[in-house]
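Student: I would like to learn how to read a structure like this one, feature by feature. Where do we start?

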Amino acid sequence: LQGIFVLGLPYALLHSGYSGLLLIVLAAALCCYTGKILIACLYEENEDGQLIRVRDTYEDIANACCKKLSPSLGGIVVNVTQVVELIMTCILYLVVSGNLLSHSFPHIPLTEKTWSIIAFVTLLPCMFIRTLKIVSKLSQLCSLVHFVIIFVVITYCLTQMHQWSWAKFRLSLEFEDFLVSVGVIIFSYTSQIFLPTLEGNMKNPGEFRCMLNWTHFFACILKTTFALTAFLTWGEKTKEVITDNLPSFLETLVNLCLLTKALLSYPLPFFAATEIVYFCISKDNHSNYRSPLLALTVRGSFLLLTLLMAMFTPHFALLMGLSGSVTGAAMTFLLPSLFHLKLKWKKLSFLEKCADISVFILGFLCSLAGIVCSVKGLLAVFG
């Protein structure tokens, strides 16, 4: 899920300057922290002081927090938020796939929508994915392709070291451009939706915190290196998607790699969204489908929905930004900190309470700023 945003990091540095480098580090630390406190909400201490996993999903955490108001209100809000974000992500991959195919084969007289349909056909086997193991193998391939893309871009940039200059960094910032950079950087780290399921499927859940630390540390190093080398290479000419800056012979290769990555990325949010909906409908175990026909119907409906929205939603990028500002900030910052305060208030130290409150305020401000920018963009388009 991070690949699309990572390719925009050099462009984010163009608009944020030196502060962008600090933001990449800060975003890694914050997202790692909210991931840990979210998982902490899955556990409660027993009489012997041992931590026992009493909740399994984001929905369970929300229901535990809102049980005095309504037993299922919190779960409904979380599930709707999760499904909206996941479906919008799936649609984005389809749109991106159509765009990449049309740019990779410009001599074939097909529109981007037609190419998106072709990409959709290759995703039909997603209807028959029943376990997270298959999705994880596809995600491993996706990560491999991602590293190939990063390696190609960084290698090319290193060949251009003779023209690097720190003078390319901006000292003065425009507020709205800076907010766009904040959104790109923060949402390049978001993964909280998948963490409860991931932690629950680990052979040794006790290693989760260590795993989260190392993955965010290496992600921060990789993203900083990638964004810095690319921006130093192209400076003010840095484009929104950095692969557009590459020479034509490399651009086609990288675009095909990006297409592969987009198609391999699709199953994870698709599987997560359909699991949530199917579980809500059937109230059955997540991993066992008692009604194969219902499961196929849910998955088929979601596949078709993503295609139709990719085909007919006008100004999708702006709508994606709007929904991402709402759902992304909520799932990454607002809800984890709020739930942690609610469930662990009596056991938290003063500094931990301050940290959670600070993350909540920061998430709210980021969400509000993103909404304002997206709405202004929509008004400008429709006005």
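Student: Is glutamate 44 buried, partly exposed or exposed?

Tutor: Keep in mind that this is a predicted model. The general idea is a cut-off: a residue is buried under 20% relative accessible area, exposed over 50%, and partly exposed in between. Glutamate 44 has a relative accessibility of 21%, so it counts as partly exposed.

Student: With which residue does lysine 344 form a salt bridge?

Tutor: Lysine 344 pairs with glutamate 44, and the closest N and O atoms are 3.8 Å apart. The two residues come from distant parts of the chain: lysine 344 sits in helix α14 (residues 316-344) and glutamate 44 in strand β1, 300 residues apart. The cut-off for a salt bridge is a nitrogen to oxygen distance within 4 Å, so the pair qualifies. Lysine 344 is buried, with a relative accessible area of 10%.

Student: How far apart are the closest N and O atoms of glutamate 44 and arginine 55?

Tutor: They are 3.0 Å apart, and the two residues form a salt bridge. This pair also links distant parts of the chain, with glutamate 44 in strand β1 (residues 43-45) and arginine 55 in the loop between β2 (51-53) and α4 (58-65), 11 residues apart. Arginine 55 counts as buried because its relative accessibility is 11%.

Student: What do the side chains of arginine 53 and glutamate 199 form?

Tutor: They meet in a salt bridge, at 2.8 Å from N to O. Arginine 53 belongs to strand β2 and glutamate 199 to helix α9 (residues 195-200), so this contact ties together parts that are 146 residues apart in sequence. Arginine 53 is partly exposed at 26% relative accessibility, whereas glutamate 199 is buried at 2%.

Student: Now the surface. Which residues form the positive patch?

Tutor: A patch of this kind takes in residues with over 30% relative accessible area and no salt bridge, with like charges joined within 9 Å. Here the positive patch is formed by Lys67, Lys68, Lys342 and Lys346. Take lysine 346 as the example: its place is in the loop between α14 and α15 (350-382). With a relative accessibility of 83%, lysine 346 counts as exposed.

Student: Which residues make the nonpolar surface patch?

Tutor: Ile357, Ile361, Phe364, Leu365, Leu368 and Val372 make a nonpolar surface patch of about 530 Å². One of these residues, leucine 368, lies in helix α15. Leucine 368 is partly exposed, having a relative accessible area of 42%.

Student: How many residues of helix α2 are buried?

Tutor: To judge cover for a helix, go through its residues and count those that are buried. Helix α2 (residues 9-16) is mostly covered, with seven of its eight residues buried. The buried residues are Leu9, Pro10, Ala12, Leu13, Leu14, His15 and Ser16. Just after α2, glycine 17 has a positive phi of about 60°.

Student: What can be said about separation in sequence and in space? How far apart are the C-alpha atoms of valine 153 and leucine 250?

Tutor: Valine 153 and leucine 250 are 97 residues apart along the chain, and their C-alpha atoms are separated by 8.8 Å. Valine 153 lies in helix α7 and is buried, at 1% relative accessibility. Isoleucine 134 is also placed in helix α7 (residues 132-158), and it counts as partly exposed at 40% relative accessibility. Isoleucine 134 and tyrosine 278 are 144 residues apart in sequence, with a C-alpha to C-alpha distance of 18 Å.

Student: Finally, the whole chain. How many helices and strands does the secondary structure come to?

Tutor: The protein chain has 15 helices and two strands. Its radius of gyration is 21 Å, close to the 21 Å that the globule rule gives for 383 residues, so the chain is as compact as a globular protein of that length. The C-alpha trace spans about 65 × 50 × 45 Å along its principal axes. As for burial, 49% of the 383 residues count as buried.

Methods:
Residues numbered from 1 in each chain as written. Predicted model: local features only at pLDDT ≥ 70, side-chain atom pairs only at ≥ 80, totals over all residues. Heavy atoms only, no water. Helix = DSSP H or I, 4+ residues; strand = E, 2+ residues; numbered from the N terminus. Buried < 20%, exposed > 50% of the residue type's maximum accessible area, 1.4 Å probe, protein only. Patch = residues over 30% accessible without salt bridge, like charges linked within 9 Å, V, L, I, M, F, W, Y side chains within 5 Å. Areas by Shrake-Rupley, 256 points an atom, 1.4 Å probe, with all protein chains shown as cover. Lys, Arg positive; Asp, Glu negative; His and termini not counted. Charge placed at Lys NZ, Arg CZ, Asp CG, Glu CD. Rg over C-alpha atoms; globule rule 2.2 N^0.38 Å.
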